[in-house]
Each structure stands twice: as structure tokens, then as C-alpha cells.
Amino acid sequence: MGDSTFLDRMLLQLRSTCKYYSGYPKDLGPSRVLHFTSEREFVQLLHQGYPVVVAFTIRSNYTQHLDRMLEEAAAEFYPNIKFMRVECPKYPGFCITRQKNEYPFIEIFHSPQHAGNEGKVQDPNITRYSVKVVPYNYDMSPYGFREFFKRQGVRTSDPK
């Protein structure tokens, strides 16, 4: 019986100190993944100036794995990168505008800038923005996100 308590203590020590322990469950604290509720809220999130990783999903077995990976990545990159999940059956209009037909997929939105008023004169109360959108096709893990951000030049930590 003494060996089992030693083993339990050893596993607890491993989980608390090893950064790359891949077992579950991990104590990630409160969820850092935001849930999409409206386009207005999404635009306000973009105006904060942080890159936003958006996962467009439908309910499936793979989505449960994706949710765990998003939680891990959101906990690792918080507060410099925001993660959001959109359930496409609830918000089909927002998902259809992305013009994809295979789910789930992930896109990263960043660098919002004022867009010029090309063409017709529109309502002066409307401000147009241009946002860089990059499709994500790397490994669905915190490591994959880290490598992707590195290649795209997205800052993942505060400057020291």
C-alpha cells in the first residue's frame, strides 16, 4: 500500500512540474475560450487589438478533441491571443460568410485597420475595417499554434 501513495505523489509532482505532460485531466483553470454570441461582440473583440483564433464547429466526436486542444492553447497564450468557438448550427450566417463547407475549421483574424471608402458614398456613421484572415492548417495542439504564430509573425507574449 505504501507504494501506491508514493506513485500517486510522484504523478502529482510530475503533473505540477512538467510543462509538456500530455495526460488528462489538466488543471487549466477557468475556460479562456470565448463563445460566439454576435458579430457585434466579435468586432468589439477585434478592436481590442489582439489576434483572435476562431474555431468554426459543429457537434461531432472530433469536436470534443478540438475543444480540449483549444482550451489548452487558450490557457497557454492568454491574454495575448484570444480564442473563440462558433457553433455553426446556431449562427449559420456568420459561418456561411466564410465560404467553407468542411467542418471544423479554424481561421485567425488579426491586424484590424481602417479601410478606405472605395466606390459609393455610404452612411458616414459606418466605419469600415480591414482584417487580415489566415486559415489555420497546422497541428491542432498548443505546439502547432505556437509554430503557426511564429511563422506568421504573430506576437504571443508581451515584450520584455
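Colleague: Hi! In what order do the elements of the chain run from the N terminus on?
Modeller: Starting at the N terminus, the order is α-β-α-β-α-β-α-β-β-α. That gives five helices and five strands. Both are DSSP runs numbered from the N terminus, with at least four residues (H or I) for a helix and at least two (E) for a strand.

Colleague: And where does the model come from?
Modeller: This is a predicted model, where local features need pLDDT of at least 70 and side-chain atom pairs count only at pLDDT 80 or more, while totals for chains, interfaces and linings use all residues. Residues are numbered from 1 along each chain as its sequence is written, and side-chain values use heavy atoms, leaving out hydrogens and water.

Colleague: Let's look at strand S3. Is S3 mostly covered or mostly uncovered?
Modeller: S3 covers residues 82-87, and five of its six residues are buried. Buried means under 20% relative accessible area, exposed means over 50%, and partly exposed is in between (1.4 Å probe, protein chains only).

Colleague: Which strands pair with S3?
Modeller: One is S1 (residues 33-35), which pairs with S3 in the parallel sense over three bridges. Another is S2 (residues 52-57), also parallel to S3, with six bridges joining them. For strands to pair, DSSP must find at least two bridges between them.

Colleague: Which residue in S3 is the bridge partner of Phe 56?
Modeller: That is Val 86. From S2 the chain crosses through helix H3 (residues 61-77) to S3 in a right-handed β-α-β crossover. Right-handed means that, with the strands pointing away from the viewer, the path from the first strand over the helix to the second runs clockwise.

Colleague: And what about Leu 34, which residue in S3 is its bridge partner?
Modeller: Leu 34 has Met 84 as its partner.

Colleague: New topic: where does Asn 80 lie?
Modeller: Asn 80 sits in the loop between H3 and S3. It counts as buried because its relative accessibility is 10%. Asn 80 and Val 154 are 74 residues apart in sequence, and their C-alpha atoms are 9.8 Å apart in space.

Colleague: How much of the chain counts as buried?
Modeller: Of its 160 residues, 31% do.

Colleague: Last one: where is Met 10 found?
Modeller: Met 10 belongs to helix H1 (residues 2-17). With a relative accessible area of 44%, Met 10 is partly exposed.
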